[in-house]
Amino acid sequence: MVTAPRSVTGRLIAASDGSPGIRDSLFDTPVYLFNARRAEGLPDAEPGTPVARSGPAIGLATRDGAIWISHVRRTESQAIKLPATTVLAAEAASLPDYPDCEDIRYEEIGPAGFLYFPFYNGAMGTAACKRFLEAYTEA
């Protein structure tokens, strides 16, 4: 599935984002993919190849670039949707870390500060809450 161009892959995943997701495989593990967004500056590779990690996401090469996949669900019947780097932690650990897909960022525009935290479906796990508190305290 990730062999399609980046724009097509992103639209397919977005269209099935709630359920069931797009069935594919990462690291030879069958999974459903959720929450894709465009990735910039990742290494070129064969389409469908995991090339990077960032925060909760795994970067996948596409035919014309790359996308970040933030959440996956294994195909077993009782599996739940979780951050990609949690579900595939051992495999993702071997990938280079890129800052492009961080889920929390702070930006100042003039006298105002903005703390961005676009958590998938509004859900924050314990680790995300801790990162948010750190970012809030630092801001």
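Modeller: In this predicted model, lysine 81 lies over the face of phenylalanine 34, at 4.2 Å from the ring centre. A charge is taken to sit over a ring if NZ of Lys or CZ of Arg is within 6 Å of the ring centre and within 35 degrees of the ring normal. Residues are numbered from 1 along each chain as its sequence is written, and side-chain values use heavy atoms, without hydrogens and water. Local features need pLDDT of at least 70, side-chain atom pairs count only at pLDDT 80 or more, and totals for chains, interfaces and linings use all residues.

Rings also meet one another. Rings of Phe, Tyr and Trp (its six-membered ring) pair if their centres lie within 6.5 Å; planes under 30 degrees apart count as stacked, over 60 as edge-to-face and the rest as tilted. By this rule there are two aromatic pairs. Phenylalanine 114 and tyrosine 116 have ring centres 6.4 Å apart and planes at 25°, so this pair is stacked. Phenylalanine 114 has a relative accessible area of 35% and tyrosine 116 one of 30%; each is therefore partly exposed, a class between buried (under 20% relative accessible area) and exposed (over 50%), with a 1.4 Å probe and protein chains only.

Phenylalanine 132 and tyrosine 136 form a stacked pair, 6.5 Å centre to centre with 20° between the planes. Both lie in helix α4 (residues 126-138), four residues apart, about one turn of the helix; helices are DSSP runs of H or I, at least four residues, numbered from the N terminus. Phenylalanine 132, at 21%, is partly exposed, whereas tyrosine 136, at 57%, counts as exposed.

Terms used. Helices (H or I, at least four residues) and strands (E, at least two) are DSSP runs, numbered from the N terminus.
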